[in-house]
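Opening the notebook on this one.

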Amino acid sequence: MLPSLSGTAREPPARPRAAPGSGTGRAALRARAGAGSGRKGAAMSGRFASVNPATEEVVGEARDGTPADMDAAIGAAREAFDAGAWSADPRLRARCLRQLRDGLVAHASELRELTVAEAGCPVFLTYGPQLDAPVADLGWFADLAESYEWSRDLGVGAPMGMTSRRTLLREPAGVVGAITPWNFPHQINLAKLGPALAAGNTVVLKPAPDTPLVAEFMARIVQQETDFPPGVLGVVTSSSHALGAQLVADPRVDLVSFTGSTATGRSVMASAAATVKRVFLELGGKSAYIVLEDADIGSAAAMAAFAVATHAGQGCAITTRLLLPRARFDEGVHAAARTLGKLGVGDPADPGTVCGPVISAAQRDRVESYLRLAVDEGGAFACGGGRPPERDRGFWIEPTLVVGVPNSARVAQEEIFGPVLVAVPHDGDDDAVRIANDSPYGLSGAVHGGDEERALAVARRLRTGTVGVNGGQWYGGDVPFGGYKQSGVGREMGVLGFEEYLESKVVATPHGGQ
Ligand code: NAD
């Protein structure tokens, strides 16, 4: 049976007109953005263009969902949750998730090209968190749906003299509204759909206006290659943010799972309060990379530089503040600047590229405004500092290292979301911890030191959801990810992430002939 997906997916979206990034040589890719505007998301009668940020060429057009589409998708999800078998059948859910995983794997090469073209991400990342890893993780959530302890005996108690057996039941929360950004579209879409669907919820997904095509592609696989029942998963693409706000406000939605900026997260939380909805928020970051005095400064600073150049710094957990021991500050700055200069920018379709374009002209303008601010705040550039002169199409920023500003400067406090690293000196472990924690955010971090125990002691004092020590990598479908402070509420992925989508009910029955 082919389910009729709600919202945009009710009518199968057309295949993208063209897909890959620049340099692939396909004639089909030559369609230019309307009037050379290079504007992401320009609307065209019921459809809107998705633009390749490396070339400004139109990758394809997505359906421009309307408030009526969103209304229908929510209604279908409500109906599927309340009246369907989905919420009570973990085996069906596991089967559908495995079918989705297998469908995505079968189309991996098309999706890889499309993701590089639409998100501008370096192709090497699609072999990890930009595609292959989150697709594989769907299997982990399918397994969890089958193995999870949905009912747990809490033993016998005798409140008020009435001996009773208490049983804890874990149940799906209901209809989930999932709202996602553009920077890691598969990772974030699937890190919500996998656990939310495995847990028995029905979901309406509103992907970012900058990356609708990869979401439509997935919706098409759901529709054509899986047994997902009608209404269980609706995907509503739109050029407008307003459909996200509509999803949050709708009383038929039980839980909102949002990833995006802290500013939008605040408005989601405020709007959800009107209907006392549960909210799960993955927000911004300004994570610190701490280099201790006993570290190999050269390699630590080079690793920090590599991290900030990756996908042009457009990752919430990327470490964007480099905290160097004061006595060896210049040494660290030179090493980081050398690495950033060598990496430069490149065609994201090239397997050797680390730093591709930023997503849009608006994002480039925003990063440039922070570069001007860095100078206004007394800073200087140890490398980069503007657009690469050799690129006349696309949205590019050179990998940049800012020095000469304190941690209190706005460029060291605010999320830039570009390939911009700010180096700040520290005076020992306590000072490094103080500076790292002196941030409204608390998403991630890294510590590099010669003595692992000492580095671990520093890591334990960071108020962040994840920390890598001496190059340790924490990312994985089985690992909970999320932030302290204004970086979010709750955890995504892992068992903790799965449980974000569950309600708890305790049932008590008389025990022992009372
Ligand atoms: P954004 O907040 O502008 O948009 C995110 C999503 O929210 C989009 O789908 C958008 O259409 C929708 N939206 C916008 N206004 C809305 C509203 N009022 N109500 C409901 N939905 C609304 O973020 P972005 O620019 O797409 O993404 C970049 C941001 O995302 C960065 O701040 C980054 O740190 C953050 N991010 C966080 C994580 C994480 O896991 N913590 C991961 C990736 C990105």
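**Ligand shell, notes**

I began with the secondary structure around the ligand: α7 (242-249), β9 (255-259) and α8 (262-273) each put at least two residues into its shell. Of the elements, α8 gives the largest share, three residues. I'm keeping in mind that this is a predicted model.

Next I looked up the size of the shell. I get 28 residues around the ligand, with T180, K206, H241, L283 and E415 as the closest. Sorted by type, the shell has 15 nonpolar residues, ten polar ones and three charged ones.

For S261, a polar side-chain atom sits 2.8 Å from an oxygen atom of the ligand. T264 also uses its side chain, with an N or O atom 2.8 Å from a ligand oxygen. At G260 I had to look at the backbone instead: an N or O atom there is 3.3 Å from an oxygen atom of the ligand.

How much of the ligand does the protein bury? On its own the ligand exposes 850 Å², and 88% of that is buried by the protein.

I also checked the pockets. The largest pocket turns out to be the space that the ligand takes.

Technical notes: Residues are numbered from 1 along each chain as its sequence is written. This is a predicted model: local features need pLDDT of at least 70, side-chain atom pairs count only at pLDDT 80 or more; totals for chains, interfaces and linings use all residues. Side-chain values use heavy atoms; hydrogens and water are left out. A residue is near a molecule or strand if one of its heavy atoms lies within 4 Å of it. A polar contact is a pair of N or O atoms within 3.5 Å; within protein, one must be able to donate a hydrogen and the other to accept it, and residues adjacent in sequence count only if both atoms are side-chain atoms. Accessible areas come from the Shrake-Rupley method with a 1.4 Å probe; for residues, only the protein chains shown count as cover. On a 1 Å grid over the protein atoms alone, a cavity is a set of points where a 1.4 Å probe fits but cannot get out, and a pocket is an open set with protein on both sides within 12 Å along at least five of seven lines; lining residues have an atom within 4 Å of a point. A molecule sits in a cavity or pocket if more than half of its atoms lie within 2 Å of its grid points. Helices (H or I, at least four residues) and strands (E, at least two) are DSSP runs, numbered from the N terminus. Ala, Val, Leu, Ile, Met, Phe, Trp, Tyr, Cys and Pro count as nonpolar, Asp, Glu, Lys and Arg as charged, and the others, Gly among them, as polar.
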